[in-house]
Amino acid sequence: MPHVELFTDGACSGNPGPGGWGYLLRHPKTGKVRERNGGEKQTTNNRMELSAVIEGLGDLTRPSIVELYSDSQYVLKGLNEWMAGWKKRGWKTASKQPVKNVDLWKMLDELKAKHELRFHWVKGHDGHRENERVDDLAVMARDEMAGR
């Protein structure tokens, strides 16, 4: 199974407001890197964080071992800890409330089933080279959505 590294980030001005996502996908064996970004005119930071992971995983053409790096505890805990319980409860939280961003979580659930994900939290804005790069990509997309 191929092994890849996926670095993701989201950005938003206002919450909701214009937002952007960015990812960097690296194949350690070949050194090949792919970067992409995008955004929405009216969204939230959490939706952009989730979108970055969805877009990055969606770019993989075959099942892979994915080292997922994110500064979002929401994304990492959601995928690694909370999602199984949400699904058992019919996409409800422990307090029986509907899961926010359920449309994106369901997409991630489908993508997660295709790959072996390994989760890595990185501190945001702390000089981590790839995290800084995906932050730049997300901010560029956010600014484009805001008309800057």
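**Charged pairs and a histidine**

Author: Let's begin with D103, which is partly exposed because its relative accessible area is 37%; buried means under 20%, exposed over 50%, and partly exposed in between, using a 1.4 Å probe and protein chains only. Please keep in mind that this is a predicted model, where local features need pLDDT of at least 70 and side-chain atom pairs count only at pLDDT 80 or more, while totals for chains, interfaces and linings use all residues. Residues are numbered from 1 along each chain as its sequence is written, and side-chain values use heavy atoms, leaving out hydrogens and water.

Reader: Which residue forms a salt bridge with D103?

Author: Side chains of opposite charge can pair when their charged atoms come close. A salt bridge needs a side-chain nitrogen of Lys or Arg within 4 Å of a carboxyl oxygen of Asp or Glu. Here the closest N and O atoms are 2.9 Å apart, and the partner of D103 is R47.

Reader: Where do R47 and D103 sit, and how many residues apart are they?

Author: Helices are DSSP runs of H or I with at least four residues, strands are runs of E with at least two, and both are numbered from the N terminus. R47 belongs to helix α1 and D103 to helix α3, so the pair links distant parts of the chain.

Reader: Is D59 buried or exposed?

Author: D59 forms a salt bridge with R36, with 3.6 Å between the closest N and O atoms. This pair also links distant parts of the chain, with D59 in the loop between α1 (45–58) and β4 (65–70) and R36 in strand β3 (residues 32–43). R36 is partly exposed at 32%. Since its relative accessible area is 18%, D59 is buried.

Reader: Which residues are joined with E130 into one network?

Author: The side chains of E130 and R129 meet in a salt bridge at 3.5 Å, N to O. E130 is buried at 11%, whereas R129 is exposed at 63%. Through salt bridges that share partners, E130 is joined into one network with E5, R26 and R129.

Reader: Which backbone nitrogen lies 3.1 Å from a polar atom of the side chain of H115?

Author: H115 lies in the loop between α3 (102–114) and β5 (116–121), and its relative accessibility of 11% makes it buried. Not counting residues up to four places away in sequence, H115 touches residues including P63 and S64 (contact means heavy atoms within 4.5 Å). The backbone nitrogen in question belongs to S64.

Note on methods:
A polar contact is a pair of N or O atoms within 3.5 Å; within protein, one must be able to donate a hydrogen and the other to accept it, and residues adjacent in sequence count only if both atoms are side-chain atoms.
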